[in-house]
Every structure is written in structure tokens, then in C-alpha cells.
Amino acid sequence: FIAFGSFTQFNGKLANRIAKLTSKGELDTTFNPNQTGADSTIKGVLVQSDGKLLVAGNFTKYNGASVKRLVRLNSNGTIDTSFNVGTGFNYMVYSIALQPDGKIIAAGSFTSYKGAAVKKVIRLQPNGDVDTSFAIGTNPDNTPNLLLLQPDGKLLVAGDFSTFNGVAANKLIRLNTDGSVDSSFSVGTGFDGNIYALTLQNDNKILVGGAFSNYKGRT
């Protein structure tokens with residue numbers, strides 16, 4: 001099990017924002033031994049098929065190294081230096097998604113990556129470079145903070161926005177594989193409160209949870 005968040009200890013032992021637990025719930029001391037971990041909140045962790053971990057959040061350092069808001073770890077918790085984020089993101093990464101081809105999608109309040117202006121949703125190559133084939137158009141009018149990748153490669157994006165690339169999309173939108181808006185998915189007037197959870201059923205219907213009490217005018 002991988003636990004992450006804003007904690008600094010687990011069971012009285014140092015575990016800065018991330019810890020690996022055994023099946024018995026004990027701290028796995030082979031993960032990140034004698035290291036300092038993240039210096040601020042971790043918002044998301046994904047485990048790749050090779051056992052490496054993608055870690056995103058509001059941290060600017062991991063184990064003392066400058067890795068602003070995104071880092072890839074080896075299975076033992078050390079930094080994977082083959083993944084290069086350069087100067088990283090200027091603001092928080094709230095959510096990440098991992099495609100089967102190893103490409104990484106990130107969403108958050110950031111407006112730059114590696115010193116270049118970017119939108120609030122970006123796709124990276126497996127080595128940390130920007131994937132320029134993914135373009136979302138104009139910025140959403142507020143922060144996207146939740147991603148869910150569908151089996152067909154389309155991407156559900158939720159957040160505190162009301163428009164996305166100039167399209168009305170109150171709190172939820174679906175993007176095509178190139179980042180364009182999927183016009184076949186329409187939320188109409190959308191949700192009247194924030195979305196905090198998304199998941200897919202086996203039939204690919206979408207379950208949505210959050211602080212809303214109204215969707216498309218229906219309570």
C-alpha cells in the first residue's frame with residue numbers, strides 16, 4: 001500500500017508525505033530509507049507497470065532535490081533521474097493520469113512548466129518532455145483538479161471551472177485524445193457545486209460525487 005498526503009510521521013517514524021505499508025499495515029522500511037521525502041503536500045501517486053511511482057502535489061523538493069510538484073520514483077523510493085521535469089511547475093498539480101503508452105497527464109493551478117507558459121492541463125512524454133500533440137486550447141476559467149482516463153483514451157476533467165476552451169462546461173468536461181473538447185459529451189448547465197470524486201462503472205457509466213445538489217437543473 002502507498003499512503004500519501006500532508007503527514008510527516010507514520011506510527012512515530014519519519015515519513016514525509018509518503019509511506020509504503022506492508023500488507024499488515026506496518027511501515028515498509030525498504031522504501032525511501034533514511035530520506036527526507038517531500039517538503040509539502042502530495043496530492044496524487046500512480047504506480048507504473050514497471051513499479052516506478054509518479055508523485056504529484058505542491059512540493060518543491062523531494063529527498064532534498066529540486067523537483068517542483070512532479071517527480072518519478074524508483075520502486076525503493078529514490079528519485080528516477082531519467083525523468084526530467086527541469087524547473088517543474090510553478091503552482092500545484094492536483095491530479096495526474098497515466099496512459100497505457102506511458103504518457104502522463106497533469107491538471108492543476110499551474111501556468112508554466114519548465115519555464116514555458118502552459119495551460120492548466122498538460123500531457124508529458126514518459127521522459128518528462130511536453131507532448132505538443134496534446135492541446136486544450138484556451139485555459140479553463142478556473143482550476144481543474146480531478147482527472148479520470150477512460151478505456152477509450154478520452155479524458156474526464158473535473159474542477160471549479162465553468163468554461164473550458166470557451167465551451168460552457170460547469171465543473172465537468174470530456175476531452176478527446178488530442179486535448180480537444182469532446183462535443184458528444186454535454187453536461188448542459190452542469191453542477192452547482194464542486195466535484196470531489198469520479199469513477200467508472202463496468203459499463204463505462206460515470207459515477208460523480210461532490211458538494212453539488214443540482215445537475216442540469218435537477219436536484
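How do the residues of the lining of the largest pocket divide into nonpolar, polar and charged? In this predicted model, seven are nonpolar, six are polar and three are charged. The protein holds 21 strands and zero helices.

**Overall form**

- The radius of gyration of the protein is 18 Å, which agrees with the value near 17 Å that a compact globule of 219 residues would have.
- Along the principal axes, the C-alpha trace of the protein spans about 55 × 40 × 25 Å.
- Of the 219 residues in the protein, 42% are buried.
- Among contacts with a separation of 6 or more, 34% are between residues 24 or more positions apart.

**Largest pocket**

- The space in the largest pocket comes to about 260 Å³.
- A total of 16 residues line the largest pocket, and those nearest its centre are L14, L27, F31, N32 and P33.
- Strand β4 supplies the largest share of the lining, with three residues.
- By residue class, the lining of the largest pocket comprises seven nonpolar, six polar and three charged residues.

- Strand β20 (residues 195–200) and strand β21 (residues 206–210) run antiparallel and are joined by five bridges.
- One of the bridge pairs is formed by L200 and I206, the latter in β21.
- Five residues lie between the strands of this hairpin.

**Loop residue N142**

- N142 sits in the loop that runs between β14 (121–124) and β15 (144–149).
- The relative accessible area of N142 is 29%, and N142 therefore counts as partly exposed, since that class lies between the buried limit of under 20% and the exposed limit of over 50%.
- Leaving aside residues up to four places away in sequence, N142 touches K120, D160 and F161.
- G108 is 34 residues from N142 along the chain, and the C-alpha atoms of N142 and G108 are 9.5 Å apart.

How values were computed. Residues numbered from 1 in each chain as written. Predicted model: local features only at pLDDT ≥ 70, side-chain atom pairs only at ≥ 80, totals over all residues. Heavy atoms only, no water. 1 Å grid on protein atoms, 1.4 Å probe; cavity = no way out; pocket = protein on both sides within 12 Å on 5 of 7 lines; lining within 4 Å. Points joined across faces, edges and corners; volume = space filled by probe spheres on them. Helix = DSSP H or I, 4+ residues; strand = E, 2+ residues; numbered from the N terminus. Nonpolar A, V, L, I, M, F, W, Y, C, P; charged D, E, K, R; others polar. Pairing = 2+ DSSP bridges. Rg over C-alpha atoms; globule rule 2.2 N^0.38 Å. Buried < 20%, exposed > 50% of the residue type's maximum accessible area, 1.4 Å probe, protein only. Contact = heavy atoms within 4.5 Å.
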